[in-house]
Every structure is written in structure tokens, then in C-alpha cells.
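Here is a short report on salt bridges and a pocket. Look over the structure first, then read on.

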Amino acid sequence: MPVSSLPIAAVSPGNVLTSTMWNAIVKDNLNKLLNQGHRVLTVAQFGALSSPEGTKGTVAPDEVYLEVDATNGIQWHLAYESGETTYKWRFLGGPPMYAEVATNEATASATYAALATAGPSITTPRAGDYIVEQGVWMQATGGVTNAALMSYDIGGTGAVDADAIQAAMSSGGTLANSTGMRKRLKAAIAASTALVSKYKVPGAVSTNFGNRWMTIYPVRIS
Amino acid sequence: MAKIDNLRTLGYTVGLAHGSVEVEQAALDDARAAADPNLVATQADQITTDTIRTLDAKGLLPENQDDRLKLATDIAEHALEQIVAATSENVAFHERALKIAEESADVWVVQHVVEVNGEAQTCAQVYLSCKPDGTGWNDNDQALLDALADKTSFDERVFQVQNADAIAAAQQLEASGANVSRDPGATSFTIDGKTLTPAKTVAAADALP
């Protein structure tokens with residue numbers, strides 16, 4: 001907790017320690033001692049912040065770095081904005097969380113299903129509005145025309161076409177390839193929600209999916 | 001039901017994205033150590049000394065010796081009060097964080113890295129949320145964990161990364177009209193009824209007119 005923004009220490013009349021001395025000198029020394037600059041918080045620590053409402057800059061800092069992936073060193077820079085209704089921490093910057101499966105695997109499922117290597121998948125660290133982006137390479141075989149879709153489950157809610165990358169491929173007797181990517185703003189995703197890519201081929205014709213990836217980064221979170 | 005350790009045994013690199021109780025416990029231990037009364041008293045003394053020196057350098061110290069003593073006492077008293085408040089709040093903060101971590105599943109980042117010609121290539125990286133014993137946060141996470149633990153699927157990813165040229169050759173042969181197939185996890189191709197190794201598949205594609 002930065003001491004620099006704590007209320008001015010009470011100074012009784014007649015004291016030789018004046019408010020000016022306290023503000024100009026003592027608090028600086030306290031801050032140096034406590035070494036409280038910007039803060040890198042774990043997800044649990046972020047959740048443990050006291051509400052900054054009404055005490056902006058004291059109980060909780062105005063800006064934090066939220067470590068969402070300690071293994072890959074992914075931190076999100078967030079700023080508190082009391083004017084936001086629900087998700088009061090706005091995203092200022094940082095790399096997205098990223099997942100991928102390069103392996104080429106097939107399905108002929110006419111409804112959304114996982115491939116042999118499920119995913120890619122990402123778990124949201126906090127509740128909020130997120131930009132979700134995914135991409136894929138698809139390949140149709142066998143002289144048929146077919147559509148292929150890649151979408152994603154959002155927790156217990158199954159994948160829908162509205163979120164999907166879709167390609168119609170006419171192979172004309174040989175192989176037909178297509179690549180696609182799509183970015184969407186998904187509002188109000190709960191904390192610890194798994195986003196898991198799913199695939200379908202409405203014509204039930206076996207289709208390969210490879211180099212599939214997903215990224216997410218927040219717009220604002222709570 | 002697969003567990004996180006099953007993935008490590010199979011050859012994945014498994015790291016923690018966030019959610020570790022151990023990390024929060026360590027942070028709480030540090031916060032409690034920083035709130036030790038002896039350490040806090042020492043810090044308050046240090047603040048007092050530093051501040052008196054600063055005031056002296058600026059020519060702001062009172063002339064009167066009694067006032068100087070009172071000033072030092074006041075600074076020490078207020079510094080102690082502020083440090084105690086800050087360290088106590090810090091302990092409470094980390095206690096709350098530990099409780100949150102205890103009530104949350106861990107989020108793991110699972111990477112399948114394959115070495116090809118001395119170069120590490122990532123063929124899969126996914127996040128999943130579960131306890132180390134494999135208790136899934138939801139059905140999707142559990143399904144993901146079970147799928148990652150499947151040996152055939154694991155071997156297929158290794159094959160594809162290590163035999164990218166043969167797969168491209170097989171597709172070239174298929175595009176030219178050959179009947180090409182290969183089961184997931186298999187180490188050879190079936191081309192027009194013949195079983196070919198990856199090297200022979202590449203050679204067959206090279207021989208196309």
C-alpha cells in the first residue's frame with residue numbers, strides 16, 4: 001500500500017513535526033522503505049484487492065499488472081476506472097493469452113465436437129469482456145463440396161455458428177485448402193470459464209483441421 | 001481419469017499459469033515476516049534517522065534542543081504508526097488472496113514441444129483448469145485433460161512435426177490421384193495399397209512427373 005497517498009498524519013498543536021515536513025520528507029522515506037511501486041499481482045491477489053471505490057489510490061492502487069500466465073510471463077496492465085458499471089479495471093496493454101494445436105486432425109461430425117487433440121483452449125482468469133480470436137487451416141478431400149466450421153464452447157455453453165470461422169471448399173476431385181481467422185468481442189464472460197475450440201462439418205464429410213489457434217485479451221474485467 | 005502428473009510422464013511440459021496455493025502461502029509468509037514487530041521498530045528508527053538527516057541538510061531542524069528531541073519522537077511515533085498500518089493491511093491482503101487460491105482450481109499451461117533437427121517446435125499449447133489430482137473444473141477441462149493423456153494422439157503430434165515433408169509428399173500424391181491413407185499414430189503411409197515409410201513417401205512424390 002503506497003504510503004504517499006495516506007491521509008496526512010495528525011499533528012497536535014504545538015508539535016514541531018509539521019504537516020509540511022510530513023508530506024515533503026517523511027512519507028517519501030516511508031515509501032522508499034516499503035518499496036511500494038507498481039504492483040504485479042497474481043490472479044488471487046487481484047481478487048483480494050479491497051474495493052478502491054471512494055478511496056482511489058489508497059486501499060488499492062490505480063494501476064496494476066495482473067500475471068495471468070506465470071509460465072509464459074504474460075502480464076496485463078490494468079487501470080481502475082470507477083465510472084465503469086461492472087468491470088472496473090480497463091485493459092491498458094500486454095500480450096494475449098495464446099493457445100494452439102498445430103497437429104492436423106480430422107472430423108466428419110455434423111455437430112460441434114472436439115478433435116483427437118482437444119482445443120485449443122484458454123481459461124479466463126477474471127470475469128469481464130474479452131476479445132476472442134481464433135484461426136485455422138482446413139482441408140477437404142475426395143471431390144466433394146463441403147462447409148467446415150470452427151467455433152468454441154464458452155464454459156457450459158456450446159459452440160455456435162455466430163462465433164465460427166466458416167469455409168466452403170470445393171475440392172473438384174483433389175484436395176482443397178482454406179485458412180481463416182475471426183475476432184469477436186464477447187461480453188460478460190464469467191471468471192474461470194474455459195473457452196474450448198470445437199469443429200463441425202455440416203455435410204458430414206471428413207475434413208482436416210490444422211494450425212488452429214486461439215487468443216484472448218480483456219477489454220475490461222472485474 | 002487423467003491427472004496432471006500423467007501429462008508430465010507422457011512428455012508434456014506443464015507449468016502453472018495461475019492459481020497456486022503454494023505461491024500465495026509464500027507471499028503471506030513474506031508479508032508476516034515483514035510485519036514482525038522488531039523489524040517494524042527498526043524500520044521506524046531508520047525512517048527517523050533518515051528524516052532528521054534530511055531536515056538537517058535542508059536547515060529545517062529546530063534550534064532548540066528540546067524541540068529537536070520532540071521532533072524526533074514525533075517522527076518515530078508517526079512512522080511506526082504508518083508502517084504498522086501498511087504491514088498489517090498487507091498481511092490481511094495476502095490472507096484474503098490465500099483463501100481465494102484455496103477455493104480456486106489451478107490453471108495450467110500444457111505444452112507439447114517436439115525437437116526436430118535440434119530445434120524445439122511447439123505442436124500444442126493449451127490452458128486447462130483443474131486440481132492436480134485431475135478433478136475437472138468442468139466437463140470441457142476434464143475432456144481436455146483426458147484427450148491430452150491419450151498416447152496415440154500424443155504420438156501422432158510427434159509424427160506430424162517430425163515428418164512434415166512426408167505429409168506434404170503424401171498430400172502431393174493424393175492430389176495427383178493416388179489413394180492415400182494413414183491411421184493416427186501410424187508411422188507409415190498406405191499409398192495405392194502399398195505401405196511406405198516416410199522417406200519412401202517423399203521419394204514417391206519426388207518421382208511424380
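## Salt bridges overall

Across all chains, the whole structure holds 15 salt bridges. A salt bridge here is a side-chain nitrogen of Lys or Arg within 4 Å of a carboxyl oxygen of Asp or Glu. Side chains of opposite charge can pair when their charged atoms come close.

This is a predicted model, in which local features need pLDDT of at least 70 and side-chain atom pairs count only at pLDDT 80 or more, while totals for chains, interfaces and linings use all residues. Residues are numbered from 1 along each chain as its sequence is written, chains are lettered from A and ligands numbered from 1 in the order in which they are written, and side-chain values use heavy atoms, leaving out hydrogens and water.

A:Lys198 and A:Asp153 form a salt bridge, at 2.6 Å from N to O. The two sit in distant parts of the chain, 45 residues apart. A:Lys198 lies in strand E12 (residues 194-200) and A:Asp153 in strand E9 (residues 145-154). Helices (H or I, at least four residues) and strands (E, at least two) are DSSP runs, numbered from the N terminus.

Buried means under 20% relative accessible area, exposed over 50%, and partly exposed in between (1.4 Å probe, protein chains only).

## Pairs in chain B, and a network

B:Arg96 pairs with B:Glu89, and their closest N and O atoms are 3.6 Å apart. B:Arg96 is partly exposed at 29%. B:Glu89 is partly exposed at 25%.

B:Glu103 and B:Lys99 also form a salt bridge, at 2.8 Å from N to O. B:Glu103 is exposed at 54%, and B:Lys99 is partly exposed at 49%. In chain A, salt bridges with shared partners join A:Glu84, A:Arg90, A:Asp129 and A:Arg220 into one network.

## The largest pocket

The largest pocket has a volume of about 620 Å³. Its lining has 25 residues, and those closest to the centre are A:Asn104, A:Ala106, A:Asn208, B:Glu156 and B:Arg182. A pocket is an open set of points on a 1 Å grid over the protein atoms alone, where a 1.4 Å probe fits, with protein on both sides within 12 Å along at least five of seven lines; lining residues have an atom within 4 Å of a point. Points are joined across faces, edges and corners, and the volume is the space filled by probe spheres set on them.
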